[in-house]
Amino acid sequence: MPVPGSASPPLSCPANLARALRGRLGSVRFLMTASGLAFILVVNALIGYGIVQGRREALDAGERATRDLARMLESQTLRTAFAVDQLLRDLSFALDTLPEGTRRGSTAIHDHLRQRRDSFAELADLVVVDSDGFALHHSADLPLPKLPLSDRAYFTGPLTGAGEGLYVGAAINSRVRPGTQVIPFSRRWLDRDGGFRGVMVAMVDPTRLAATLESRDIDRKGSVFLALEDGTVLLDRPPGRNGPDRLTDWPAVWTALAAHDETTIRGMAPGPGAGIDSLVSVRRVQGYPFVIVATLPVAVALAEWRRDTAAWTAIGTAMTIAIALLTSFVVRQHARREEDQARLARASRRIRGILDSMLDAVVTFDTAGRIVTFNRAAEMMFGVPEREMIGQPIEALIPDARGGANDRDLTALRRDGRAFPVGFTVSDLRLGGGPCAADSYPASVGALRPDEPRIYVGVIRDMTRRKQQEAELIASKTQAELANRAKSEFLANMSHELRTPLNAIIGFAEVLDSEFFGAVNERQKSCIADIHDSGRHLLDIVNAVLDMSKLESGQFELCEEAVEAHEAVGQCLMMVRDRAAAGAVAIHNEATAAVATLWVDRRAFKQVILNLLSNAVKFTPNGGSITITAGLDEDGGFALTVADTGIGIPPDFMADLFQPFRQAENAANRRYEGTGLGLSISKNFIDLHGGTLTCRSAPGAGTAMTVRLPVERVVDRPMKMGSHAAPAA
């Protein structure tokens, strides 16, 4: 029990640690990493086991090779020893049979020995020694030596040895072949009573004895030794390896021979330094006094194994690196996938929150038309919870959901059966690819291929209020059209009613001004002029309003005829020349007599030119200028430009330039008078002719108004546009 005031032992730490460890060990990333490491260990263990097993097999193969090498030399030695023994037996019989066998230096015996020597490749010479130790016969071409041979081992050995077996002596220098050594094989020569008559000696060439080994290049990898039972080495192949003169100087081999007649050991073979680690096979030749030793360096036996080991080590390293990289890649991919899934889950929650916060109903359904999701607005709109609608057909909400075109107005049904208008928009989402366009929703969902995983998102909007607003808008539009028509009719009627008294006022003013009824004073003349000008101005306004009314109501009809462009321009200039002169505005008319003949409404065309010229004169300050150019465009159409150096038009007013009753200055104290109908009427007149009226202007830099008529309005084409280029605004 803890002491009050002391800290409680962290009993939960081991539990938390164990829980965290279990969670860590149970994670997929840890399992992937552990699997990769285990796979690396297994692969390297298998490669290591193969390397160890290969070494063992290579050593076993080396031991077999040394044994085979020893057996090969043993076989060669046995054949040679047996053949020599049989030869000496036959020679003993021949010496006993031939009458000249005991006569020294017999030619017949010499020839016989020579023939036998030549028929036996391993023999270097055959010698017969008498009982006194002097040469009795020999196969050499040299004279018989007169020196006693009784001190030779091949004579003393059979003389003192027991039995009639084959005696083999140590290698000696050959007298027949100077510079070479021979191995003497000797045998007793006995008479019929068993008395000692001498010794028969066969000198064997050791190089011939190892010819089989040298022909097969076996001794290039290892070495072989042929020795006597007392350890004297008779044959050492390959030569020049500084082998021992006696096997007694090779303790390991001599010890093995003492314990076994045939065995294979591993030890140090004679060689440079401390020797060569080798596999050594020793054998005793049964029936003859020979011992055979065959060696193979362990390095030679393991050479191929080392090459294989290097290759397998490289393979193991490469596989380890590959597995490690693959494991790391898989772990990273899984980590990314977990992050993507976490982001997807967060995005899904956000999307679900967005869908639930939307005012429109959002329903998703599959290719069979079965509902997959149902947001909160849809629950409120249709009065049905989402869990009841999942798996239900979309027709349960909108009976005609699959028919007709997309983004259409349909009729939906609430849970209580009441119908209400809705807007239904569908977009196609392919789960295996990107979203399709909304108009890709097919006419029949059932006609889609079942192998394409698709989800359709339907957005449903309650159109009840919109329908009411549309009905109200339609009613308002109808009322506005009726009011506009009534206004146009009123203006037209009023214009006709106003034109009659205005014409009377203007006519009587002209009569009074002509003093037809009597003389008037200057003050009266001034008043009459004001009455005439005011009436004319008011008549122009009434005519403009009447033209605008006809244009808006579509009742204006063109009276087309052939009009010379330069004449129309000249007539309009006559009407504005006085006002231009009063304002010190210079007018440059570049529309020559050979410009073009147009098929237009004369009054409308002149009205357009007059309106453009009037505006140019009105908005050009004193000292300014106006330039009129006309000609044919590149496409053969007619173009007329009225350019001034006036005040220009603000950029923000360009959009409303051709609207009726609109002026750049709308204040009551504006500087320039006018109704704002001139440009609107001009544009409508040009539109009726199939042409265009455009404007280029900048504040303070002037304005250029251009009228363009299509090629069909040009009666003849005497000249191209370009003789007079339109000036820049």
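Colleague: Let's start with helix 2 and helix 3: are they roughly parallel or antiparallel to each other?

Modeller: Bear in mind that this is a predicted model. Helix 2 (residues 28-97) packs on helix 3 (residues 107-118) at an angle of about 165 degrees, and their axes lie 12 Å apart. Anything over 145 degrees counts as roughly antiparallel. So helix 2 and helix 3 are roughly antiparallel.

Colleague: And which residues of helix 3 make the contact with helix 2?

Modeller: The crossing of these two helices is right-handed. Helix 2 brings Leu-87, Asp-90, Leu-91, Ala-94 and Leu-95 to the contact. On the helix 3 side, the residues are Ile-109, His-112, Leu-113 and Arg-116.

Colleague: Moving on to Ser-526, is it buried or exposed, or something in between?

Modeller: Ser-526 sits in helix 13 (residues 522-553). Its relative accessible area is 39%, and buried would need under 20% while exposed would need over 50%. That's why Ser-526 is called partly exposed.

Colleague: What separates the C-alpha atoms of Ser-526 and Asp-513?

Modeller: Along the chain, Ser-526 and Asp-513 are 13 residues apart.

Colleague: Now helix 14: where does it bend?

Modeller: Helix 14 covers residues 565-582, and its 18 residues reach 26 Å from first C-alpha to last, close to the 26 Å expected. Still, there's a bend of about 45 degrees in helix 14, and it falls at Val-576.

Colleague: Which strands and which helix do the buried residues of helix 14 pack against?

Modeller: The buried residues here are Ala-565, Ala-568, Val-569, Cys-572, Leu-573, Val-576 and Ala-580. Residues three or four places apart on an α-helix point the same way, because there are 3.6 residues a turn. The partners of the buried set are strand 17 (560-564), strand 18 (586-589), strand 19 (597-601), strand 20 (625-632), strand 21 (638-644) and helix 15 (602-618).

Colleague: How does helix 14 run relative to helix 15, roughly parallel or antiparallel?

Modeller: The two axes come within 9 Å and cross at roughly 30 degrees. Since angles under 35 degrees count as roughly parallel, helix 14 is therefore, relative to helix 15, roughly parallel.

Colleague: Which residues in helix 15 does helix 14 meet?

Modeller: Helix 14 passes helix 15 in a right-handed crossing. From helix 14, the residues include Val-569, Cys-572 and Val-576. They and their neighbours in the contact meet, in helix 15, Phe-605, Lys-606, Ile-609, Leu-610, Leu-613, Ser-614 and Val-617.

Conventions. Residues are numbered from 1 along each chain as its sequence is written. This is a predicted model: local features need pLDDT of at least 70, side-chain atom pairs count only at pLDDT 80 or more; totals for chains, interfaces and linings use all residues. Side-chain values use heavy atoms; hydrogens and water are left out. Helices (H or I, at least four residues) and strands (E, at least two) are DSSP runs, numbered from the N terminus. The expected span of a helix is 1.5 Å times one less than its number of residues. The bend at a residue is the angle between axes fitted to the seven residues ending there and the seven starting there. Buried means under 20% relative accessible area, exposed over 50%, partly exposed in between (1.4 Å probe, protein chains only). Contact means heavy atoms within 4.5 Å. Axes are lines fitted to C-alpha atoms, for helices over the stretch in contact, and angles run from 0 to 180 degrees between N-to-C directions. Angles under 35 degrees count as roughly parallel, over 145 as roughly antiparallel, 65 to 115 as roughly perpendicular and the rest as oblique. A crossing is left-handed if the near helix is turned anticlockwise from the far one by less than a right angle, and right-handed if clockwise.
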